[in-house]
Amino acid sequence: MKRAISLLLVTACVAAHAAGGHTMEVSGTFDINMTPQPDSQPWGRQRLEKVFHGPLEGASIGEMLAVRTAVKGSAGYVALEQVTATLEGRKGTFFLQHSGLMEKGTPALTVNVVPDSGTGELQGLKGTMTIRVEGGKHYYGLTYSLP
């Protein structure tokens, strides 16, 4: 099993290199302001405003739709946000797409860079983002490649 996972990772790195980019990983923090928007039941809508710190330095705006179920700790959300930032010295914009689920308190989150959404020096950006919250502070991890 470990060998299969290692093979997959090597294959992914080779594919990223062949596509003209090296896979990079950066991490940092972000501040977030969520403003409730007029909602229609059964979901709620939030406006997102973030400020990123670290190797990804900039801001984003976005929209989130979320729904809670009758079961405590179960919910889902989707969001899109446009990031305007400098990523390790390269300036531009790109979109992130979020898909999150929580089943009885167990979270699952996928955040992807929308393909072909990069502009400026971030044109061709591909990647995924992880988000974690500890002690009320938000952290991101961005795994990405650029041509």
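Strands are DSSP runs of at least two residues, numbered from the N terminus. On that basis, V78 is placed in strand β4, which spans residues 75-87. The model described here is predicted.

The fold is a closed barrel. Eight strands build this barrel, in the order β1-β2-β3-β4-β5-β6-β7-β8. Their pairing is antiparallel. On average, neighbouring strands of the sheet are turned by 25° against each other, with direction ignored. Strands of a sheet pair through backbone hydrogen bonds, in either a parallel or an antiparallel manner.

Strand β5 covers residues 90-103, and strand β6 covers residues 106-113. The two run antiparallel and are joined by eight bridges. Among the bridged residues is M102, whose partner in β6 is P107.

Strand β5 also contains T93. Is this residue buried or exposed? The cut-off for buried is under 20% relative accessible area. T93 has a relative accessibility of 17%, and therefore counts as buried. The side chain of T93 makes a polar contact with the side chain of T119, at 2.5 Å.

On the surface, a nonpolar patch is formed by W43, L65, V67 and V78. Together, these residues have about 320 Å² of accessible area. V78 is the patch member placed above in strand β4. Residues between the buried limit of 20% and the exposed limit of 50% are partly exposed. V78 counts as partly exposed because its relative accessibility is 45%.

Methods: Residues numbered from 1 in each chain as written. Predicted model: local features only at pLDDT ≥ 70, side-chain atom pairs only at ≥ 80, totals over all residues. Heavy atoms only, no water. Pairing = 2+ DSSP bridges. Helix = DSSP H or I, 4+ residues; strand = E, 2+ residues; numbered from the N terminus. Axes fitted to C-alpha atoms, helices over the stretch in contact; angles between N-to-C directions. Patch = residues over 30% accessible without salt bridge, like charges linked within 9 Å, V, L, I, M, F, W, Y side chains within 5 Å. Areas by Shrake-Rupley, 256 points an atom, 1.4 Å probe, with all protein chains shown as cover. Salt bridge = Lys/Arg side-chain N within 4 Å of Asp/Glu carboxyl O. Buried < 20%, exposed > 50% of the residue type's maximum accessible area, 1.4 Å probe, protein only. Polar contact = N/O pair within 3.5 Å; in protein donor to acceptor, adjacent residues only side chain to side chain.
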